[in-house]
Amino acid sequence: MMWKMVCGAVLFASCFALHAASVPAFRWVKSFGGAGYDVIKAVAVDHHSGICIVGASSGDSTIAPRDNAARFDFSGELIWATQLGTSGARVVDLSVDGSGKFYALCAASGTNTIAGLRVENAARTTCGIIVTLDHHGKALNAVLLQGGEEFEPFALRVDAAGHCFGPATATGIPMPERARRSREPLLERPAPKAGTSGITPSKRPNVRTRRLA
Amino acid sequence: MLGDSEGGAQLDGLGTSGAPGPNAFLAKLDATGHPLWVRHFGVGAKVGVTRLAVDLEGACIVSGYAQGAARIENLVVGSAAKLESYYLAAKYLPDGSVAWARDLAYVKDLKPGDVCTDLGGNAYFTHTLDGAAVSILKLGRGGDVQWEKRYTFSSLPGRRTFLQASSEGFVYLAGDYYSNVDLDGRTLTSRGYSDIFVALLEATTSPWDFVRPNPITKPVATMPVVNPPSIQAPIASNAMIIPTSRGRMYITK
């Protein structure tokens, strides 16, 4: 009798342990933010199994001011963080390609400096901007998605080869025209004349690394 | 592509004719943007969609919410007798047929959750529960619940939560929160109105559990596998192939 009770107890304990083991625990947890509001917009896993996030802050986040992007490695260490948005730009989504490049989608109006790149939108209407960063957080280029009137992007996906896809609401010109424009590397163009749209690299890189508490 | 619609959706001549009222649709486009198929998501119920994830086999996991009985192709989810809103999920195979569809939870205040898949074809969901809690669910390839994990907030749940699975089977959880959030006894306190958290969940899918889309049934040497030029060693017959973002990784037991 005693033997059966012991076997039953062992069986119950082993079943419970198996069930408990099947529910994963948190390996690490990180938190950041400032005195105001901080909200998350999107996340993506990079090619080294780290995590990239974009979020918005009311201005004083512990990693980077305003709309920002950050990359954590697999152990939870903050690798870099950079400011993406300014007063006229807000981050919407992000995606990572197979080589670890980081694509942040922003909606913007007017002229902004995004991740160190000065993006000029002379049309004075809402446009989309895809900023490409390398895996160190350095801005590589930016592509302006612009239409005759309003252009409101709301998602971005990038395949392994770096082709960008994403829906947007738009008025003015048809979407295929915008899609063709979105592939144009504007940074390789001659410097834009006054009153036209264009993107130029800023002299001050805006990437910084800060260890979280 | 996933979207909400009123009464149906049309894409380049392909389309659905849904019931009046809030509906949702799912479409698959080829690389040139041409629609291959369009499916109505949830006939007969007030349906909305939240997120979409595609696994390595090209199957598509859709999460959404509904009220009443929802028919997803030839499967019925929920009940017309229940007036409570619920989260639902469905898996569409690459040809547009439905592998499974199921309700996940009935709750009062629905908030958008997230969905992701791992290399083994398992799916992970987040959704809010009644009160100040969020549930993380892992469903197997067949839609069976593998585990559920919950975490709680001191007041309201945060606005958004996101899930992403790494190639090793770990799952990232990220979101924002007001006041406090309790993650396995680790209480985070917001410095201001709201803060952001990022967490890593231990892997519950071993790399050995990852399923090859095309099991090896022939001698490996005859398979059209492209090896890196510098690696010419033969692949062992018991090797497991793990697709990664950089190609394929081979592991031998």
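This is a predicted model: local features need pLDDT of at least 70, side-chain atom pairs count only at pLDDT 80 or more; totals for chains, interfaces and linings use all residues.
Chain A holds 2 helices and 17 strands. In chain B there are 0 helices and 20 strands. Of the 213 residues of chain A, 41% are buried; for chain B, with 253 residues, the figure is 39%. In chain A, residues at least 24 apart account for 51% of them, and in chain B residues 24 or more positions apart account for 42%.

**Domains of chain B**

Chain B is split into three parts: domain 1 covers residues 1-106, domain 2 covers 110-207 and domain 3 covers 212-252. Between domain 1 and domain 2 of chain B, 17 residues on the domain 1 side are in contact with 17 residues on the domain 2 side. On the domain 1 side, the elements that supply two or more residues are β6 (46-54), β7 (60-67), β10 (85-92) and β11 (98-106) of chain B. Sorted by class, that side of domain 1 consists of 9 nonpolar, 3 polar and 5 charged residues.

In chain B, β6, β7, β10 and β11 make an open sheet of 4 strands in the order β6-β7-β10-β11, with antiparallel pairing. Because β6 and β11 of chain B stand at the edges with a single partner strand each, one side of each has no neighbour in the sheet. From one strand to the next, the twist averages 20°. Within this sheet, β10(B) and β11(B) run antiparallel and are joined by 7 bridges. B:Lys91 is placed opposite B:Trp100, a residue of β11(B). In a regular strand, side chains alternate between the two faces of the sheet.

**Strand pairs on the side of chain B that touches chain A**

The contact between the chains involves 34 residues of chain B and 32 residues of chain A. On the chain B side, two or more residues each come from β15 (145-153), β16 (161-165), β17 (171-183) and β18 (186-201) of chain B. β18(B) gives the largest share of that side, 14 residues. By class, the chain B side has 13 nonpolar, 10 polar and 11 charged residues.

The table lists the pairs.

| Strand pair | Sense | Bridges |
|---|---|---|
| β15(B) and β17(B) | antiparallel | 2 bridges |
| β16(B) and β17(B) | antiparallel | 5 bridges |
| β17(B) and β18(B) | antiparallel | 12 bridges |
| β1 (26-32) of chain A and β18(B) | antiparallel | 6 bridges |

Particular residues can be picked out in each pair. B:Phe153 has B:Val181 of β17(B) as its bridge partner. B:Leu163 stands opposite B:Leu173, also in β17(B). Further along, B:Tyr177 is bridged to B:Asp195 of β18(B). Across the chain boundary, the bridge partner of A:Phe32 is B:Ile196, which belongs to β18(B).

Two of the pairs are hairpins. β16(B) and β17(B) form a hairpin with 5 residues between the strands, and B:Gly169 in the turn has a positive phi of about 100°. In the hairpin of β17(B) and β18(B), 2 residues lie between the strands, and the turn residue B:Asp184 has a positive phi of about 55°.

**A buried loop residue in chain A**

A:Ala64 sits in the loop between β3 (51-57) and β4 (68-72) of chain A. Is A:Ala64 buried or exposed? A:Ala64 counts as buried because it has 23 C-beta neighbours inside 10 Å, and the cut-off for a buried residue is 20 or more. A:Ala64 and A:Gln83 are 19 residues apart in sequence, while their C-alpha atoms are 5.5 Å apart in space.

Conventions
Residues are numbered from 1 along each chain as its sequence is written. Chains are lettered from A and ligands numbered from 1 in the order in which they are written. A residue is buried if 20 or more other C-beta atoms lie within 10 Å of its own, exposed if 12 or fewer, and partly exposed in between; C-beta atoms are placed from the backbone. Two residues are in contact if their C-beta atoms, placed from the backbone, lie within 7 Å. Domain bounds come from an automatic or database domain assignment. Ala, Val, Leu, Ile, Met, Phe, Trp, Tyr, Cys and Pro count as nonpolar, Asp, Glu, Lys and Arg as charged, and the others, Gly among them, as polar. Two strands pair if DSSP finds at least two bridges between them. Axes are lines fitted to C-alpha atoms, for helices over the stretch in contact, and angles run from 0 to 180 degrees between N-to-C directions.
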